[in-house]
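Subject: Structure for you to look through

Hello,

I am handing over a structure that I would like you to open and read alongside this message. My notes on what was found follow below it, so please keep the two side by side.

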Amino acid sequence: MNASDILKYGQGTVLQAIEGLPESAWETPGACGVWSIKDIIAHLASYEHVLMTFVRSSPTPYLSKFTDPGGNFNDLEVAARKGKSVKEVLREFNDTYAQVMSLITRIPVETFRQTGTIPWYGMEYALDDYIVYAYYGHKREHSAQIAVFRDNLG
């Protein structure tokens with residue numbers, strides 16, 4: 001697996017889904033439950049921060065919040081960005097992705113395949129599983145929701 005390619009294609013899918021989105025549509029609820037498209041991008045930005053744990057090789061507050069069994073990571077992270085503009089949320093999403101991409105090559109190839117490196121996800125999983133499911137698949141899922149929402153906007 002080429003982690004950089006998987007991450008690049010996931011990001012590209014999201015950017016394609018939001019390309020040309022009218023400004024008036026960004027904060028309209030209903031793209032994913034009560035979330036707007038801006039909220040989806042805020043949510044995805046928070047996942048980029050979780051991945052930074054691996055590329056920096058040190059725990060981050062995002063990983064702690066993400067793995068907190070009593071926490072409500074998704075809603076808390078979206079709420080934390082409610083006061084930000086669409087431009088700010090999109091910048092965070094893109095900037096954090098760029099940081100991940102600039103550092104991902106520092107992870108040895110063997111580490112991506114090594115099971116048990118992410119015990120909070122499951123001892124039978126490796127980092128490459130997480131990247132494919134929680135990043136690429138996750139971005140594809142939300143991009144499809146955005147596409148449907150855009151179609152319904154007319």
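The largest cavity in this predicted model has a volume of about 30 Å³, and a search of the whole structure finds 1 cavity of 30 Å³ or more. Its lining is made by Met1, Val109, Phe112, Arg113 and Asp128, and helix α6, which covers residues 109-113, gives the most to that lining, with 3 residues. Sorted by class, the lining of the largest cavity holds 3 nonpolar and 2 charged residues, and no polar ones.

The rest of my notes concern helix α2 (residues 37-56) and its contacts with other helices.

Please begin with helix α7 (residues 127-153), which packs against α2 at an angle of about 170 degrees, with the two axes 11 Å apart. Angles over 145 degrees count as roughly antiparallel, and α2 and α7 are therefore roughly antiparallel to each other. On the α2 side the contact includes Ile37, Ile40, His43, Leu44 and Tyr47, while among the residues they and their neighbours meet in α7 are Leu127, Tyr130, Ile131, His138 and Phe149. The residues of this contact of α2 with α7 divide into 14 nonpolar, 4 polar and 2 charged.

How do α2 and helix α5 lie, roughly parallel or roughly antiparallel? The axes of α2 and α5 (residues 86-103) come within 9 Å and cross at roughly 25 degrees, and since angles under 35 degrees count as roughly parallel, α2 and α5 are therefore roughly parallel to each other. Their crossing is left-handed. In this contact α2 contributes residues including Lys38, Ile41, Ala45, Met52 and Arg56, and α5 contributes residues including Val86, Leu90, Phe93, Tyr97 and Leu103. By class, the contact of α2 with α5 has 14 nonpolar, 3 polar and 4 charged residues.

Finally, please turn to helix α1 (residues 3-18), whose axis comes within 12 Å of that of α2 and crosses it at roughly 165 degrees, which makes α1 roughly antiparallel to α2. The crossing of α1 and α2 is left-handed. Here Leu7, Gln11, Val14 and Ile18 in α1 meet Ile37, Ile41, Leu44, Glu48 and Leu51 in α2, and the residues of this contact divide into 7 nonpolar, 1 polar and 1 charged.

With best wishes

Terms used
Residues numbered from 1 in each chain as written. Predicted model: local features only at pLDDT ≥ 70, side-chain atom pairs only at ≥ 80, totals over all residues. Heavy atoms only, no water. Axes fitted to C-alpha atoms, helices over the stretch in contact; angles between N-to-C directions. Helix = DSSP H or I, 4+ residues; strand = E, 2+ residues; numbered from the N terminus. Parallel < 35°, antiparallel > 145°, perpendicular 65-115°, else oblique. Contact = heavy atoms within 4.5 Å. Nonpolar A, V, L, I, M, F, W, Y, C, P; charged D, E, K, R; others polar. 1 Å grid on protein atoms, 1.4 Å probe; cavity = no way out; pocket = protein on both sides within 12 Å on 5 of 7 lines; lining within 4 Å. Points joined across faces, edges and corners; volume = space filled by probe spheres on them. Left-handed = near helix turned anticlockwise from the far one by under 90°.
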